[in-house]
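This briefing is meant to be read beside the sequence and the coordinates. It moves from the overall fold to the helix contacts and then to the ligand surroundings.

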Amino acid sequence: MTHPTGYSGAQIALHWIVALLVAGQYIFKDSIASAWDAIRQGTDYAFDPLIPAHVAGGGLILVFILWRLALRLTHGAPPPPENEPAPLKVLSHVAHWAFYVVLAIMSVSGALAWFADLTIAAQVHNIFKVVLLALVALHVLAIPFHRIVLKNNVMVRMLRPAR
Ligand code: HEM
Ligand code: HEM
């Protein structure tokens, strides 16, 4: 794997598109959750555009993370900042890869629940929604930690593409 000096424009654009789509999946989750409850109870539910939007949003997330993964494997990712303590280098590396795995689990489990009517898949979806939230919280808290404690500006790496 190569070590470029920074993320490419495409990697940065995909990062923020995925972040927005993931936020949308949580903010607008109520419609699909109520539809799912109705299906489980064998009752009808009214059409709500937010239901197909959740399905499409999850599908797009899967496509975009596979695309990002391809870029990660071809373009690579910049090495961690110099002054990052070794255990934190390992933690951020694991957290970054965990995002790809957890997002894929969310998309696939959601699809299996919805299209194959699998209750167990919905349970997996509900467990990993918490894991994903915890990852996002850790990831976002890492930004002020880098800025204030390590005094490096890692945020810029995800805003300005490397030339
Ligand atoms: C990364 C992608 C996804 C994220 C972050 C996500 C997130 C969520 C969240 C937060 C809920 C609410 C659970 C609750 O508290 O009731 C939910 C429910 C649900 N999602 Fe997703 N979702 C994703 C992809 C998908 C996909 C692709 C599908 C279907 C094709 C899907 C189908 C469902 C279903 C059926 C429910 C209702 C399950 C239940 O309430 O037990 N999701 N999703
Ligand atoms: C659900 C939302 C998010 C996901 C799934 C996500 C995922 C990731 C992943 C996988 C990486 C590693 C880069 C790669 O391998 O492609 C990364 C890097 C980064 N993310 Fe996020 N992220 C999310 C939200 C955010 C938010 C809200 C912020 C800022 C407030 C942020 C700031 C950053 C920064 C600054 C980096 C670069 C870290 C470095 O250079 O080592 N991310 N993100």
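The model is predicted, and the protein in it contains five helices and zero strands, so the reading along the sequence is given simply as α-α-α-α-α. Along its principal axes, the C-alpha trace spans about 60 × 30 × 25 Å.

**Annotated regions**

- An unreviewed UniProt entry places the feature "domain: Cytochrome b561 bacterial/Ni-hydrogenase" at residues 7-160; in the model this span is 76% helix and 0% strand, and its end C-alpha atoms lie 8 Å apart.
- The annotation "transmembrane region", also taken from an unreviewed UniProt entry, covers residues 12-28, 49-70, 90-115 and 127-149.
- Among these stretches, residues 12-28 are 94% helix and 0% strand, with end C-alpha atoms 24 Å apart.
- Residues 90-115, another of the annotated stretches, are 100% helix and 0% strand, and here the end C-alpha atoms are 37 Å apart.

**Helix 1 against helix 3**

- Helix 1, formed by residues 9-27, and helix 3, formed by residues 50-74, have axes that come within 10 Å and cross at roughly 155°.
- Helix 1 and helix 3 are therefore roughly antiparallel to each other, and their crossing is left-handed.
- On the side of helix 1, the contact is made by Ala10, Gln11, Leu14, Ile17, Val18, Leu21, Val22, Gly24 and Gln25, while helix 3 contributes His54, Gly57, Gly58, Leu60, Ile61, Phe64, Ile65, Trp67, Arg68 and Leu71.
- Sorted by class, this contact has twelve nonpolar, six polar and one charged residues.

**Helix 2 against helix 3**

- The axes of helix 2 and helix 3 come within 8 Å and cross at roughly 105°, which makes helix 2 roughly perpendicular to helix 3.
- Ser31, Ile32 and Ala35 of helix 2 meet Leu50, Ile51 and His54 of helix 3, and by class this contact has four nonpolar, two polar and no charged residues.

**Surroundings of ligand 2**

- Ligand 2 is surrounded by 19 residues, of which the closest are Ala19, Val22, His96, Arg157 and Met158.
- Helix 1, helix 3, helix 4 (residues 86-116) and helix 5 (residues 119-149) are the elements that give two or more residues to this shell, and the largest share, five residues, comes from helix 1.
- By class, the shell around ligand 2 has twelve nonpolar, four polar and three charged residues.

Methods. Residues are numbered from 1 along each chain as its sequence is written. Chains are lettered from A and ligands numbered from 1 in the order in which they are written. This is a predicted model: local features need pLDDT of at least 70, side-chain atom pairs count only at pLDDT 80 or more; totals for chains, interfaces and linings use all residues. Axes are lines fitted to C-alpha atoms, for helices over the stretch in contact, and angles run from 0 to 180 degrees between N-to-C directions. Helices (H or I, at least four residues) and strands (E, at least two) are DSSP runs, numbered from the N terminus. Angles under 35 degrees count as roughly parallel, over 145 as roughly antiparallel, 65 to 115 as roughly perpendicular and the rest as oblique. A crossing is left-handed if the near helix is turned anticlockwise from the far one by less than a right angle, and right-handed if clockwise. Two residues are in contact if their C-beta atoms, placed from the backbone, lie within 7 Å. Ala, Val, Leu, Ile, Met, Phe, Trp, Tyr, Cys and Pro count as nonpolar, Asp, Glu, Lys and Arg as charged, and the others, Gly among them, as polar. UniProt positions are given in the numbering used here, feature names are shortened, and annotations may be inferred rather than shown by experiment. A residue is near a molecule or strand if its C-beta atom, placed from the backbone, lies within 6 Å of it.
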